[in-house]
Amino acid sequence: MAEPSGLCPPPGVGELVEVAQDVFWARIPLPGKLNHINIWLLREEDGYSVVDTGMQSLAAEAAWDSLLAALPEGMPIRRVFVTHLHPDHVGMAGWLMERGAEEFWMTRLEYLTCRVLLAQAHDETLPEDFAEFHRAVGWPGSAIESYHNHYRNYGRRISRLPRQYQCLEEGQYHVIGGHRWRIVTGNGHSPEHACLYSEDSKLLISGDQVLPGISSNVSVTPMEPTANPMADWLASLEKLKAEIPDDVLVLPAHQHCFTGLHKRIDALIYDQKCTTERLRVALDTGPRRVIDLFSVLFGRDIPQDNFMIFNLATGEALACLNYLRESGEVCYEIDAHGTRWYRLR
Ligand SMILES: [Zn+2]
């Protein structure tokens, strides 16, 4: 992914960049186009808190080994905060706890959903209702088989999720080093995503809730097929805009630090409105399956051979359709194969 220019130059692997007093930016490598996750180290008197951890891999372990060696005076990581359950955020939390971190914090819905997904990864066979869900969106049998392997892979990207956690909650305050951080939750990208906002230092650690150059994936999953996460996502953006002033420096989980939070939120909401309108126009020309809508929604075909992207695109296309279903604009018919064909009412 091209790196747009930010306010601070990004750190290299194993490096720390101080973005505000006692707040350090580091990166843990990720495979594929995403390339990295940003993590944020908050210096305290006797150690560090870290927000997000990276995805389990040998490269992530090597990056963490370099970072731990680079921390001044060998000070340890004491507290681990995780914004949400995706493996690039929670994947190395267990590894850090095994290396002496004392506290592991996550919101309840993120932690419990993570435990459910990890348990599901041990299923011997794909549940029939999950296969039915994927026939409904129009997947061929080969994609359904790939999904089985894919969901078992979730656990392989997470290093031993700690069996105990401490609960992050909306409105909770944490004093970390010299700063006071408020937890601001949102959903749509994940069940109960936590941002950390420091009013005194004008910083927002935004996780995947607001990213500078890409929009976060918003997906319907087989576990909750009639969910409307797009409405949740848009409401969470409005909430952030209402609660967080525009003059913060935003520290996102991917890409670069940025200012102009409100403008970025407005752009994300506007882009989604345009996407929804393109969907209406496409459905006006005749019934479509979920997988027929990728080029309309994302501006390109998404082949099945890049399965992770194909799966995310399917989930997001369904999120856009469920959004219009809930507002009563769209309905579907089911054909003999169990596949849904969506149309405007
Ligand atoms: Zn995420």
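Strands here are DSSP runs of E of at least two residues, helices are runs of H or I of at least four, and both are numbered from the N terminus. Two strands count as paired if DSSP finds at least two bridges between them. Show alanine 20: valine 23 in β2 stands opposite.

A word on the model before moving on. It is predicted: local features need pLDDT of at least 70, side-chain atom pairs count only at pLDDT 80 or more, and totals for chains, interfaces and linings use all residues. Residues are numbered from 1 along each chain as its sequence is written.

Axes are lines fitted to C-alpha atoms, for helices over the stretch in contact; angles run from 0 to 180 degrees between N-to-C directions.

Contact means that the C-beta atoms of two residues, placed from the backbone, lie within 7 Å.

Now go to the five-strand sheet. It is open too, ordered β8-β9-β10-β11-β12, and its pairing is mixed. β8 and β12 (249–252) are the edge strands, each pairing on one side only. The twist averages 25° from one strand to the next.

Walk across the sheet:

- Select β8 (residues 173–176) and β9 (residues 179–186). Four bridges join these antiparallel strands. Valine 175 stands opposite arginine 180 in β9.
- Zoom in on the turn of that hairpin. Two residues lie between β8 and β9, and glycine 177 in the turn has a positive phi of about 60°.
- β9 and β10 pair in the antiparallel sense over five bridges. Isoleucine 183 has leucine 196 in β10 as its bridge partner.
- Check the turn here as well. Six residues lie between the strands of the β9 and β10 hairpin, and glycine 188 takes a positive phi near 120°.
- Finish with β11 (residues 203–207) and β12. They pair in the parallel sense over four bridges. Isoleucine 205 stands opposite leucine 251 in β12.

**Helix pair**

Select α7 (residues 229–243) and α8 (residues 261–284). Their axes come within 10 Å and cross at roughly 160°. That makes α7 roughly antiparallel to α8, a label for angles over 145 degrees; under 35 is roughly parallel, 65 to 115 roughly perpendicular and the rest oblique. The crossing is left-handed: the near helix is turned anticlockwise from the far one by less than a right angle.

Show side chains at the contact. α7 brings Leu234, Leu237, Leu240 and Lys241; α8 brings His262, Ile265, Leu268, Ile269 and Gln272. These residues divide into six nonpolar, two polar and one charged.

**Whole chain**

Zoom out. The protein chain has ten helices and 14 strands. Its C-alpha trace spans about 65 × 45 × 35 Å along the principal axes.

Terms used. Nonpolar A, V, L, I, M, F, W, Y, C, P; charged D, E, K, R; others polar.
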